Amino acid sequence: MDQTSKISDENTHLLSDRLEGASSRDNSDYGGAPLEREAVQRDDEDGNFGESYDNVPKSKRQLGSFSVTFLIFNRIIGTGIYATPSNILRSAGSVGVALIMWLVGSCIAACGTAVYVELGTGLPRSGGEKNYLEFIYRRPKFLATCTYIFYTLIMGTATANSVVFSEYFLHALSLEPTWFKSRLVAFTCLTFICLIHGTQLKWGLRLQNALGLSKLVILALIALSGLLSLAGVKGLQVRKDYEQPDNFKWDKFWEGSGTGANAFVSGLYNIIWSYIGYANANYALSEVRDPVRTIKRAAPLAMISVTSVYIFINIAYFAVVSKTDILESKRIVAALYFRNLFGPTTEKALSAFIALSTLGNLLGGQFAQGRVIQELGREGIVPYAFFVASNKPFDAPLAGLFTQYLVSCTFLFTVPPGDAYLFLISLSSYALSLINTLVSFGLLLLYTRWYRSWKWDPPFHAPKAIIVLFFLSNLFLVTVPFFPPAPGSKTYDKLPYWAHSAGGLALSLAGALYWYIWSVWLPKKKGYRLERRWVLQDDGVPRYAFYRVPVGVSARTE
């Protein structure tokens with residue numbers, strides 16, 4: 001290489017360093033991305049339980065077991081438990097089968113939890129599925145990450161839950177939930193979440209934990225009141241104005257069973273979605289103290305709490321509300337429960353509680369989502385990566401949170417009610433099933449002889465039978481939407497029933513197209529190659545940066 005090329009090359013690197021606001025370092029100084037290095041081994045005894053895997057400053061690790069537990073708990077329990085039981089009962093046909101379906105759903109969720117605890121202990125870094133897909137599907141290089149960009153922006157949207165929050169909030173204030181009012185409240189809610197998590201990290205965590213704890217306590221009290229009513233305790237009996245339930249008489253308990261396999265599958269599908277969120281802590285492991293030990297404790301604790309709440313709340317509903325009321329009333333089952341036990345005047349208090357429950361769900365979800373987008377910035381693959389990866393100016397991932405905030409607000413104001421809105425919700429759910437299928441299948445691949453050289457032996461191992469069950473359950477969720485619905489039922493009014501499934505697969509094509517243009521077509525067209533190096537940001541967080549090196553210039557050595 002001639003002297004001019006050397007000078008040009010060095011100037012290019014110096015200019016890139018200045019523009020990126022970072023100083024180049026050798027990869028070994030800071031640890032590497034999952035794509036570049038081995039996973040944490042079971043016999044690794046470094047005394048810090050996985051903290052050295054992603055060498056972020058110690059001060060960034062502010063989440064302990066309590067916060068991680070409620071990060072998961074808050075994300076799972078939103079509004080489903082207040083309304084979904086009536087749909088489950090309709091699919092089950094009987095109270096007994098409905099409770100069995102909830103138990104089956106909890107087992108599937110436990111399988112998912114075990115899978116993600118294994119992956120989280122092996123790759124203890126923020127980003128969740130991004131890291132696991134990168135680690136498993138390494139070729140073509142960066143394709144998995146580029147594809148995941150499109151999925152995470154859809155899966156992480158908070159539009160639907162922000163609208164649910166607004167409707168219950170307005171009802172609690174006796175205000176009519178018009179389109180303008182509901183969108184205004186939803187927009188305010190999304191803005192508040194972005195600002196508190198992006199500018200006041202500790203206060204955001206405190207609010208999130210407080211809402212999670214209060215949600216757990218109130219739901220436990222609701223379940224206890226139903227059990228005491230079932231036991232015949234005075235003062236907690238169904239009011240005489242309403243139909244007296246007899247759901248736990250043995251002949252009534254199984255009455256209506258046998259609705260068919262399709263109905264059972266439909267109900268189980270809804271229950272599985274009621275448990276989504278068990279992987280929420282995996283998105284923020286770089287901010288967790290002793291991440292390997294913490295996730296092994298916090299994830300099971302959160303899931304035991306969620307499952308207990310779901311099972312006992314359902315028993316409470318069936319103890320207080322008759323089967324006929326649950327199936328025929330247009331009101332949510334939680335409203336019927338409060339009406340029967342405490343009187344109709346408590347309905348607004350219930351709306352306020354559901355609104356706060358939804359707010360906790362939004363806080364937990366967006367806290368994690370901001371970290372996922374920040375991790376995409378740390379990989380250097382997204383546009384303006386140095387900005388997205390930064391914790392400036394409030395020592396929090398405001399840029400990552402703001403990116404998802406823009407996507408959520410765009411959907412909030414541009415997607416009309418009806419088919420388009422339902423399509424967006426269904427697309428988000430389908431995308432998550434598709435990612436879970438790829439992740440669980442990939443985990444199974446790590447145990448095959450072809451992947452032995454990767455030395456996958458994390459501190460926690462999920463039983464292989466559980467991994468297989470989780471893979472099959474998600475494969476089922478991915479394939480079922482392509483089959484026509486039962487006669488008389490419609491997924492959409494005008495769109496084809498398979499629209500969201502096709503949309504989910506189309507996201508993969510969009511990711512592949514982005515990857516090809518960014519990593520293949522543009523470098524070939526403009527005569528450069530991409531060179532990736534580990535750099536340290538001004539806020540102390542390391543990340544990758546890509547440099548455009550002219551073809552013919554040899555790679556830079558550190």
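**Exercise 1.** In this predicted model, determine how many of the ten residues of strand β2 (residues 528–537) are buried. Then find the strand with which β2 pairs, and in which sense.

*Solution.* Start with burial. Eight of the ten residues of β2 are buried, so the strand is mostly covered. Next, the pairing. β2 runs antiparallel to strand β3 (residues 542–550), over nine bridges. Finally, the connection. Four residues separate β2 and β3 in a hairpin. Gly-540 in the turn has a positive phi of about 90°.

**Exercise 2.** Describe the packing of helix α12 (residues 291–320) and helix α14 (residues 333–342).

*Solution.* Take the axes. They come within 9 Å and cross at roughly 55°. That angle makes α12 oblique to α14. The crossing is left-handed. Now list the contact. α12 supplies Ala-316, Tyr-317 and Val-320. α14 supplies Val-333, Ala-334, Tyr-337, Asn-340 and Leu-341. Sort these residues: seven are nonpolar, one is polar and none is charged.

**Exercise 3.** Asp-290 and Lys-455 are not glycines, yet have positive phi. Place each one, and decide: buried, partly exposed or exposed?

*Solution.* Asp-290 has phi of about 45°. It lies in the loop between α11 (261–274) and α12. Its relative accessible area is 18%; the cut-off for buried is under 20%, so Asp-290 is buried. Lys-455 has phi of about 55°. It lies in the loop between α18 (419–445) and α19 (464–479). Its relative accessible area is 47%, so Lys-455 is partly exposed.

Note on methods. Residues numbered from 1 in each chain as written. Predicted model: local features only at pLDDT ≥ 70, side-chain atom pairs only at ≥ 80, totals over all residues. Heavy atoms only, no water. Axes fitted to C-alpha atoms, helices over the stretch in contact; angles between N-to-C directions. Helix = DSSP H or I, 4+ residues; strand = E, 2+ residues; numbered from the N terminus. Parallel < 35°, antiparallel > 145°, perpendicular 65-115°, else oblique. Left-handed = near helix turned anticlockwise from the far one by under 90°. Contact = heavy atoms within 4.5 Å. Nonpolar A, V, L, I, M, F, W, Y, C, P; charged D, E, K, R; others polar. Buried < 20%, exposed > 50% of the residue type's maximum accessible area, 1.4 Å probe, protein only. Pairing = 2+ DSSP bridges.
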